[in-house]
Amino acid sequence: MANTRDFLFELGVEEMPSAPLNNAVKQLESLMGKGLDEAGLAHGTIRVISSPRRLAVLVSDVAEATEEIHSVLRGPSAKIAFDAEGNPTKAAEGFARKNGLTARELVRREDADGTEYVFAEQNTPSEPALPILTRVCEGLIPSIQWPNYRSQRWGSEHATFVRPVRWICCLFGEEVVPVSFADVVSGNTTRGHRVLSPGEHLVARTDAYEDVLESAHVLSAERREQVIREGIAKVESELGVRIDTPAKVFDEVVNLCEWPTVLVGHFDEEFLNVPSEIICESMLSNQRYFPTYDAEGNLTRAFVVVSNGDPKANATVIDGNERVVRARLYDAKFFYDEDLKVDLEVFRERLASVGFQQKLGTVLQKSDRMEDLALAIAREAHLGAHAASSAQRAAHLAKADLVSSAVVEFTSQQGVMGGYYATAAGEEPEVAAAIRDHYRPRFAGDDLPEGIAGCIVAVADKLDTIAGMFAIDEPPTGSKDPFALRRSAIGVLNILRTRLKCGYEAIVDAALEGYLEQGLEFDKAAVAASVCAFIKGRMAQMARDEKVSADTVAAVSDGDVTVPVHFFELAHALEEARANDREAFTNLATAYARAAHLADAELGTEVDRNLMGDAELALLDATDAARDEVASALDARDFKAVIVALAALRGPIDAFFDDVMVMDEDLAVRENRLRLLNRFESVFAGIANIGEMARK
């Protein structure tokens, strides 16, 4: 076995931003592994260590040299490779070129079968690891991508990196690997924590690297996360609180420190009278402080800070952060207090100067359309006058907070602040809640609006946007969806399916009518068809995401069942029926597909019993019985009963095709049989194209 050593490559830089640091960590392992593999240098596991000031790779068991390789590849026979004069043919030249040789370098010799062939023989000598490691590292540094971040240049260098490179530590066992980048040359030293262990620290050998880092007050990302979580758990236990640590902010905090210390600060009592959402957003987004909540879920005065400083100065750090948060929260309180002085109707009037979309008008016009659409949705969902009135009022005021000072400063709190302002203005609780919730669901897995009024306004808002973008012929494409129409459609479907229990076609029509009344010109019928097809496509995708087979989804999508709750019930009922008796269901689907292929709709469904044999009469009676049962089951929205009724046709249709020649020479008999097949197919009409489920 070849001799091996562990390998270390550390790139030391000025503090890197958190998000791209995480992205670089993901790239680093792949880039190093690819570089070593392509060079033919054997190695063991690869591990990345990172901190705000370093990107490091530790590779175990790297071979001290590549293996010497002797390869022999057999080509065409000599008779084919060379002509009568001994000149190489195109076959020889092609084989040689494929293997990086000239035709004259090919070797001729007999194979075991006594036939003379040409062979490409190559020797790849062993190469020591050191120059390979140099090449890999020097190629790796500029290969790291920093999406959405402009790389920097420094000094007189032309090389760029996300932040200036200050040192390189590169060791193969105890030997320094020569690497240079932007006038920085590698050595065997790293650098410690800026405050606690400043300056250079010797790394005598690769396996000492992590111990040297920790002695220099630098922890790996995994260890920093562990220390922070342990500190947070301790604070929760001591104070009896729950600490909110959103994943995105937590990951950022991990990358903002090298030697974390979890501290607790407090803000003034008066700020608890300000909506907790803007208090928390101010702390999380601006300062990366973690808010705390009591057992009842109420915000408390305590907040958590993760310090990267000297623990001896904890009191000073806490005091400084309390001063900072006090200033931030005063701003938030000021915005809120000033907004409360303005009537919501005044805010709403200001929406006339806020553009929604260049071709679709202002946000005020959108607000007007949402009001009318909310009433249409309430009618379609068969809701009472009170729910309709609350939804209309909420739609009227839903966008008013967009021009408030608090939302201008804390944009993610749109809707939430409107709910607070509506409550302060004396609006009904249902109206305030609907304003608060109408942006929901904002992402996959997000909660739906709590109340029915909120559900109506949410659908009105989302569907208005979808309809408008299709009306101006700007639907989402494969790569672009700037108005998040796909996400909006899924939100609409989830609300219609689980809360409002109604369809979308009528309200799509109402949404487009609002744009026509505004003066927008388009072909309403064509646009409505496009919008409904788009929404139905999203519904089909949702069904597939719920593990419904693609052919089942295709079958249901080909039918007329479009009310979301019924669409999903039918899809799952079909899927369950096939799972319970796959062979029988597949036979039924195959027979249906055959019947549909032969059927001739122009002949109608009226048949003459006098022209029928036993198999035809049995199918006719079974078809008529199933039609009545299906109609009753559909009225009751019992889709399992629908499937049972359809499945009962399997025996009669099988017998029909076994015993009957449909295309009889007698025209009257033939057409009567085709009418029977039309009658059979009509039982399935509008439910699902069962034939889709017979396809492989």
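Author: A nonpolar core is a set of buried Ala, Val, Leu, Ile, Met, Phe, Trp, Tyr and Cys residues joined through side-chain atoms within 4.5 Å. Keep that idea in mind as we read this structure, and remember throughout that it is a predicted model.

Reader: How many residues does the largest nonpolar core have, and which of them have the most contacts inside it?

Author: The largest nonpolar core has 135 residues, and those with the most contacts inside it are Phe-267, Leu-500, Tyr-504, Val-508, Leu-574, Phe-656 and Phe-684. Helix α16, which covers residues 452-471, gives the most to this core, with 13 residues. Apart from this core lies another one, of 39 residues, and among them are Phe-7, Leu-55, Ala-129 and Leu-133.

Reader: If I pick out Tyr-504, which residues is it in contact with, leaving aside its neighbours within four places in sequence?

Author: With those neighbours left aside, Tyr-504 is in contact with Leu-493, Leu-496, Cys-532, Ile-535, Lys-536, Met-539, Thr-562 and Pro-564.

Reader: What describes a pair of aromatic rings?

Author: A pair of aromatic rings is described by the distance of the centres and the angle of the planes. This structure holds 15 aromatic pairs. In one of them, the rings of Tyr-592 and Phe-684 have their centres 4.7 Å apart and their planes at 50°, so the pair is tilted. The pair links distant parts of the chain, since Tyr-592 belongs to helix α22 (residues 582-598) and Phe-684 to helix α26 (residues 667-684), 92 residues apart.

Reader: Is Tyr-592 buried or exposed, and is Phe-684 buried or exposed?

Author: Tyr-592 has a relative accessible area of 6% and is buried, and Phe-684, with a relative accessible area of 1%, is buried as well. The reasoning rests on a cut-off, because buried means under 20% relative accessible area. Elsewhere, Trp-146, Phe-161 and Phe-181 form one aromatic cluster.

Reader: Where does the charged end of Arg-109 sit?

Author: The charged end of Arg-109 sits over the ring of Phe-119, at 4.3 Å from the centre of that ring. Another case is Arg-497, which lies over the face of Phe-568, 3.8 Å from the ring centre.

Reader: What can side chains of opposite charge do when their charged atoms come close?

Author: Side chains of opposite charge can pair when their charged atoms come close. The structure holds 48 salt bridges.

Reader: In the salt bridge between Arg-348 and Asp-368, how far apart are the closest N and O atoms?

Author: In that salt bridge the closest N and O atoms are 2.7 Å apart. Arg-348 lies in helix α10 (residues 344-350) and Asp-368 in helix α11 (residues 363-380), so that the pair links parts of the chain 20 residues apart. Arg-348 is buried, with a relative accessible area of 8%, whereas Asp-368 is partly exposed, with a relative accessible area of 36%. There is also a network, in which salt bridges that share partners join Lys-366, Arg-369, Lys-399, Asp-461 and Asp-464.

Reader: In what order do the five strands of the open sheet stand, and why is one side of β2 and of β8 left without a neighbour in the sheet?

Author: The five strands form an open sheet in the order β2-β3-β1-β7-β8, and the pairing is antiparallel. Because β2 (46-51) and β8 (175-176) stand at the edges, each with a single partner strand, one side of each is left without a neighbour in the sheet. Strand β7 (residues 165-172) is joined to β8 by two bridges, and the bridge partner of Leu-171 in β8 is Val-176.

Reader: Where does Arg-53 lie, and is Arg-53 buried or exposed?

Author: Arg-53 lies in the loop between β2 and β3 (54-63), and at 7% relative accessibility Arg-53 counts as buried. The C-alpha atoms of Arg-53 and Gly-12 are separated by 5.8 Å, although these residues are 41 residues apart along the chain. Leaving aside neighbours within four places in sequence, Arg-53 has contacts that include Leu-11, Gly-12, Trp-167, Arg-191 and Glu-258.

Key:
Residues numbered from 1 in each chain as written. Predicted model: local features only at pLDDT ≥ 70, side-chain atom pairs only at ≥ 80, totals over all residues. Heavy atoms only, no water. Buried < 20%, exposed > 50% of the residue type's maximum accessible area, 1.4 Å probe, protein only. Helix = DSSP H or I, 4+ residues; strand = E, 2+ residues; numbered from the N terminus. Contact = heavy atoms within 4.5 Å. Phe/Tyr/Trp six-rings, centres within 6.5 Å; stacked < 30°, edge-to-face > 60°. Lys NZ or Arg CZ within 6 Å of the ring centre and 35° of its normal. Salt bridge = Lys/Arg side-chain N within 4 Å of Asp/Glu carboxyl O. Pairing = 2+ DSSP bridges.
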